[in-house]
Amino acid sequence: MNRRINLIVDLTKMLLIILIACVLVFIIVFLTSQEPADAVYSFFVGPFTSLRRIGNIVEAATPLMFTALAVIIIFRAGQFSMISEGAFFIGILGAMIVAITGRMPPGIHPLAAIVFGGFCGAFVASVPAVLKMMWGVSELVTSIMLNYVVQFFTIYVVSYHYREITSSSLASLLFQETSAMPVIVEGTRVHLGVIVALVLCFLGFLFLQRTRLGFKLRVTGDNLHFAQYAGVGAAGVMVSAQVLAGAIAGIGGGAELLGMYTRFKWTSSPGYGWIGIVVALLARRNPLLVPLAAAFIGYLNVGADIMARSSDVSREVVLIIQGVMMLLIASEALLQHWRQKLIVKAAEKEAKEGNDDAPPELPDASIGGNDIPYTGVDTPTPNSPDQEGL
Amino acid sequence: MSGLVGYIFSSDFLYMWIRVATPLILPALGAVICNRSGVVHLGLEGIMLTAALFGVLGGALGGSLFWGIAAGILISLLLSVLFAYFHLSLRANNVLCGTAINTIAGGFTVFVLELITGEKGTSSSLRSFSFPNVNIPLVEDIPVLGDVLSGHNLLTYIAILMVFAVVFLLYKTPLGLRMRAVGENPNAASSVGVNVTKMRFTAVLISGVLIGLGGMYLSMGYLNMFTRDMTAGRGFIALAAAAMGQSTPVGAFLSAMVFAFFDGLSNILQLLRIPAEFVQMLPYIATIAGLTLYSIQRIYRFKRKNRLRVIEAEKSRQ
Amino acid sequence: MHLPCFIQKIRAGGVNVNQAVEALRMENITKVYPNGVIANKSVTFVVNQGEIHALSGENGAGKSTLMKILFGEEQPTSGTIFANGQKVNISSPTEAIRLGIGMVHQHFMLVPSLTVAENMMLGIEPRKGLKIDRKRAEKEVREISHKYNLPIEPNERVEDLTVGQKQKVEILKALLRGAKILILDEPTAVLTPQETRELFAELKTLRSNGYTIIFISHKLNEVKEFCDRITIIRRGQTMGVYPLSDISEQEISKLMVGRDVILKISKNKILPGAPAIKVRNLKILEESGRVRINNISFTVREGEILGVAGVEGNGQAQLVKALTGLGPYHSGSIELCGTDIRKKSVSDIRKLSVAHIPEDRMTIGIAPRLSVTENTVIDKTDNIRFFTRLGLSKSSEIREYGKKMVRDYHILCKTPDVSVESLSGGNIQKTVLARELSGGPKVIIADQPTRGVDVGATEFIRRQLIAMRDAGNSIFLITSDLNEVLGLSDGIIVLFEGEITAYLPDASNVTEEELGQYMLGIKRQSPEQISEVLHEQKD
């Protein structure tokens with residue numbers, strides 16, 4: 001019964017949030033634009049006006065799927081590492097080095113590059129994880145610091161070792177032609193990376209639901225004390241989760257680089273790791289829903305790009321919207337009142353039905369008595385990145 | 001290398017050290033107030049960034065420094081309210097809430113900047129009003145020391161005064177007592193009618209002012225324009241400084257000075273023809289190293305204290 | 001057991017005291033928690049001015065919830081509250097304090113790093129300009145502590161106080177805020193006997209000064225000794241209000257539990273086998289250096305239930321942690337199934353076939369948002385029945401197992417796939433039991449296995465434990481329920497202040513009085529008698 005109520009409330013909440021996001025776009029555009037109608041049109045309808053643009057949505061969604069999956073694995077282990085950003089960028093660097101210097105046949109070359117990217121991502125992600133395991137250093141701050149380190153390190157390596165001298169702006173040498181990821185849809189730039197992402201999402205689901213480590217990971221994330229009591233080796237699980245997540249983000253970086261570019265052109269970390277958090281929350285921390293959520297965010301990004309090109313509203317609108325969505329999704333108390341009302345009603349109904357003659361078989365009150373946590377905002381528990389009910 | 005050491009002990013470096021410490025001290029003090037009342041404020045970075053922009057915009061549009069300060073503080077308070085409302089009232093997780101604020105700030109600053117100046121990178125086309133530099137009478141005449149301590153930006157001196165102000169607030173006033181109580185045992189505080197949410201809300205707002213000042217220093221003191229993403233993780237470094245300073249104002253101040261040292265060092269090393277990107281990593285690596293060392297020594301001290309206590313207990317039994 | 005009968009009694013109780021002034025009336029209070037648990041069901045609770053009124057009921061009966069509502073910490077789903085005849089809406093503790101209601105919580109509401117004066121003045125600090133007027137705060141604390149004869153030093157840090165002193169601070173805190181009605185939530189649970197006597201004397205003084213006291217307790221002897229009237233709650237409902245002069249302890253316990261308290265637990269005598277748990281000269285020190293377990297030794301043999309009796313807080317928690325690998329011990333040795341567990345991890349210890357039913361199931365006993373099935377297999381991830389060597393799960397096996405567990409342990413749930421947190425306390429405990437007992441344990445450490453669990457589940461759990469013992473396993477039973485320790489155990493050891501003060505080899509020959517004297521430290525056996533628990537041949 002409660003399950004159905006939760007589903008109804010969660011769905012409503014999600015729709016409400018999407019609605020709020022759209023309304024926000026309207027408001028911002030109408031407040032700032034000279035030709036608001038055109039801007040809104042190009043934002044919402046623009047992405048669907050041609051095959052190439054639909055392709056753009058998929059292209060935009062692809063890197064987000066990787067980072068969102070990484071975020072999900074970290075969050076579900078109850079950790080707060082923000083390393084997917086850095087792991088993604090170092091993955092780009094790793095893949096770039098292999099793509100420029102490697103001498104390999106076509107099919108093998110991109111594979112080797114991406115695998116190396118994944119390896120780099122895993123290595124970077126292991127740093128905050130190990131620091132936390134060994135000495136309890138907050139993985140949150142170290143991972144964010146590390147993201148900056150990765151950004152400068154990558155730019156340094158590119159500009160001092162692989163730089164295209166003839167180019168005025170920062171760009172790397174041209175990749176070997178053998179390293180390119182094949183395009184899979186004619187007329188777009190949708191590349192093999194999206195298939196890799198979809199497969200990884202599915203594997204991620206299987207990992208969490210159908211493997212021993214995934215099981216231990218969920219237990220650790222749900223209740224660390226319980227994991228310790230049951231002897232699942234929580235510390236090892238937390239490190240493995242972060243390393244695995246780093247590998248996934250790194251692979252994503254590699255795939256993005258080889259699928260979309262022939263040179264490295266970034267001047268700063270692209271932010272896919274941060275947006276991956278929005279996608280992960282939108283997907284309700286379920287890997288199977290990641291493609292859908294990534295497509296939605298990808299759609300917003302493409303819409304914002306088209307709007308920026310065809311009107312006077314800049315594309316950064318989309319960051320504001322994504323931030324607001326993150327706030328709303330993370331709000332546990334949103335619609336909580338309504339949820340509770342439904343649950344109370346259901347409980348009362350159940351109590352009535354079960355109450356004929358004998359004294360009612362009340363649910364044992366001990367959970368309600370002393371064990372219920374104080375409902376005011378007292379402890380920002382690190383243990384619950386966000387609950388099942390979003 | 002010897003040149004480097006010489007440079008570090010020069011008055012120029014010491015002056016710069018204090019200069020780069022300012023934007024860490026102010027938000028670190030803000031973080032101390034939040035930590036003490038039981039809120040880990042991860043929206044620091046975004047609030048700093050937005051205040052940096054609005055300080056410049058307010059000054060340029062209003063035509064005086066006053067309007068810059070007013071706009072910067074106002075936007076800091078607004079974003080603080082947003083953070084506090086979602087985190088405290090709607091019970092959004094603080095990490096997600098802070099990340100969201102930072103994401104919004106990243107987009108919002110560029111959006112507003114472009115809307116007003118047509119540029120996305122810097123506010124250089126606007127006329128900026130900066131906080132004035134202040135020469136301290138008498139002190140400025142002392143050789144060497146005068147060069148180091150005098151002639152800083154007004155906000156630098158305010159930052160140092162704020163260390164004392166926060167000590168006063170936390171340890172001498174009823175408000176501070178309540179904040180500390182709320183942070184340490186919220187149930188105890190609420191059982192005597194201290195409203196936990198309200199107290200934390202207040203803490204977030206007060207720290208919002210400090211964080212905003214820290215942000216404004218970047219665009220109205222350190223530089224005199226706003227540039228995109230100019231906070232560059234300083235909010236997070238400030239958070240680390242507050243943690244390392246065990247959430248005491250003086251501890252946070254000292255930790256901020258340590259991190260600022262590496263920030264200053266990276267400035268010099270760039271002059272010494274070491275690749276800029278390489279050197280730019282330094283403050284962040286220093287923060288990671290600092291937090292790690294702090295955690296290690298805390299564990300070690302904790303263990304040693306326990307051992308001592310056990311030995312004492314043994315003795316007293318015999 | 002017939003409801004109408006009780007209702008009549010309630011009315012009769014009301015008539016008896018109609019000349020007294022009602023200080024407080026809670027009428028038809030119902031509370032449904034967000035998770036659907038009904039904690040109070042149409043409870044009516046009336047307290048007269050100047051009386052000590054006991055509120056009794058089993059763990060989880062709904063006493064705490066009712067008091068939280070009275071103190072404004074929880075809002076009732078329905079019902080009305082009257083204070084001094086006026087209908088009031090107690091929306092927060094502030095409002096409760098304003099109405100003259102003060103509460104002394106079971107877990108003290110004090111801020112450890114602040115001083116006594118700071119704690120007492122929190123929220124009503126005397127000011128001097130912007131600052132707190134420390135001198136005046138101190139003076140006020142001294143005055144009130146002198147007035148009510150509750151001596152306390154205002155400048156001491158609360159973390160350095162003893163439990164009894166902390167309680168004094170709590171009481172003074174309420175009085176300072178003008179409380180006329182004091183709620184004390186199981187105040188004696190944490191006190192030594194002397195401190196308890198002191199507290200009673202203090203409370204009687206308060207009563208003679210016109211204060212009203214609500215005393216929550218399930219220690220019937222205390223209630224009988226110094227309360228005026230009693231309200232009994234069972235499973236969220238009022239079972240009646242009685243002047244204590246009119247009701248015997250037996251009657252009270254009958255109302256509280258709903259049947260004769262003496263639970264006859266039938267079990268066969270069996271001959272114990274080889275030692276399975278051997279603890280020798282064990283010493284456990286707390287972080288603060290306080291000795292929690294002082295040099296204790298005992299043996300639990302196969303086919304034996306060794307019960308641990310003792311007032312809570314006499315080292316039981318630390319002992320259990322040490323035995324299960326969750327906490328440290330300082331010296332001595334612990335041997336489980338023939339293996340010394342020094343430096344062994346929790347999972348190493350579990351691999352020795354040790355099961356642990358934890359005291360606090362909600363905090364460490366379950367992963368609340370995972371399914372019942374998942375909660376029952378978490379300790380079996382190394383079993384190739386459920387996971388292949390490569391680490392893939394065998395879902396159909398696991399699903400079958402979950403179904404079997406639900407069936408075998410009578411876990412009441414729609415399907416084994418629902419999250420554990422949606423179950424009632426009794427069924428959560430059965431889930432824990434299913435996990436721990438189904439792994440083929442040889443040693444079972446059962447810490448308060450039936451706390452907060454309904455009667456049916458309690459009986460089921462006890463039967464399971466006896467079945468495990470009959471199958472030749474060793475059970476180490478820690479419980480604060482005297483009836484349980486007497487009924488289930490073969491032998492009993494008594495823990496008092498971290499030491500074993502008695503070994504009673506045959507639990508069926510022990511009376512509650514006798515056990516109580518050992519538990520409260522009134523009596524103590526000779527070292528020779530105690531050392532019999534080692535079951536070692538003497539030379």
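**Legends to views of chains A, B and C**

**View 1. Chain C as a whole.** Chain C of this predicted model contains 19 helices and 22 strands, where helices (H or I, at least four residues) and strands (E, at least two) are DSSP runs numbered from the N terminus. The radius of gyration of chain C is 25 Å, which agrees with the value near 24 Å that a compact globule of 539 residues would have; this radius is taken over C-alpha atoms, and the globule rule is 2.2 Å times the number of residues to the power 0.38. Along its principal axes, the C-alpha trace of chain C spans about 70 × 50 × 50 Å. Of the 539 residues in chain C, 55% count as buried, a term that means under 20% relative accessible area, while exposed means over 50% and partly exposed lies in between (1.4 Å probe, protein chains only).

Residues are numbered from 1 along each chain as its sequence is written, and chains are lettered from A and ligands numbered from 1 in the order in which they are written. Local features need pLDDT of at least 70 and side-chain atom pairs count only at pLDDT 80 or more, whereas totals for chains, interfaces and linings use all residues, and side-chain values use heavy atoms, with hydrogens and water left out.

**View 2. The domains of chain C.** Chain C is divided into domain 1 (3–100 + 180–257), domain 2 (111–176), domain 3 (262–353 + 440–457 + 468–539) and domain 4 (365–439), with bounds that come from an automatic or database domain assignment. Taken over C-alpha atoms, the centres of domain 2 and domain 3 of chain C are separated by 41 Å.

**View 3. Two loop residues with positive phi.** Most residues other than glycine have a negative phi. R285(A), however, has a positive phi near 60°, and this residue lies in the loop between α11 (272–282) and α12 (290–310) of chain A. E497(C) also has a positive phi, near 50°, and is found in the loop between β21 (491–496) and β22 (499–504) of chain C. R285(A) counts as buried because its relative accessibility is 9%, whereas E497(C), with a relative accessible area of 53%, is exposed.

**View 4. T99(B) and its contacts in chain A.** T99(B) is part of helix α5 (residues 94–117) of chain B, and its relative accessible area of 5% makes it buried. When residues up to four places away in sequence are not counted, T99(B) touches M82(A), W274(A), I277(A) and M326(A), where contact means heavy atoms within 4.5 Å.
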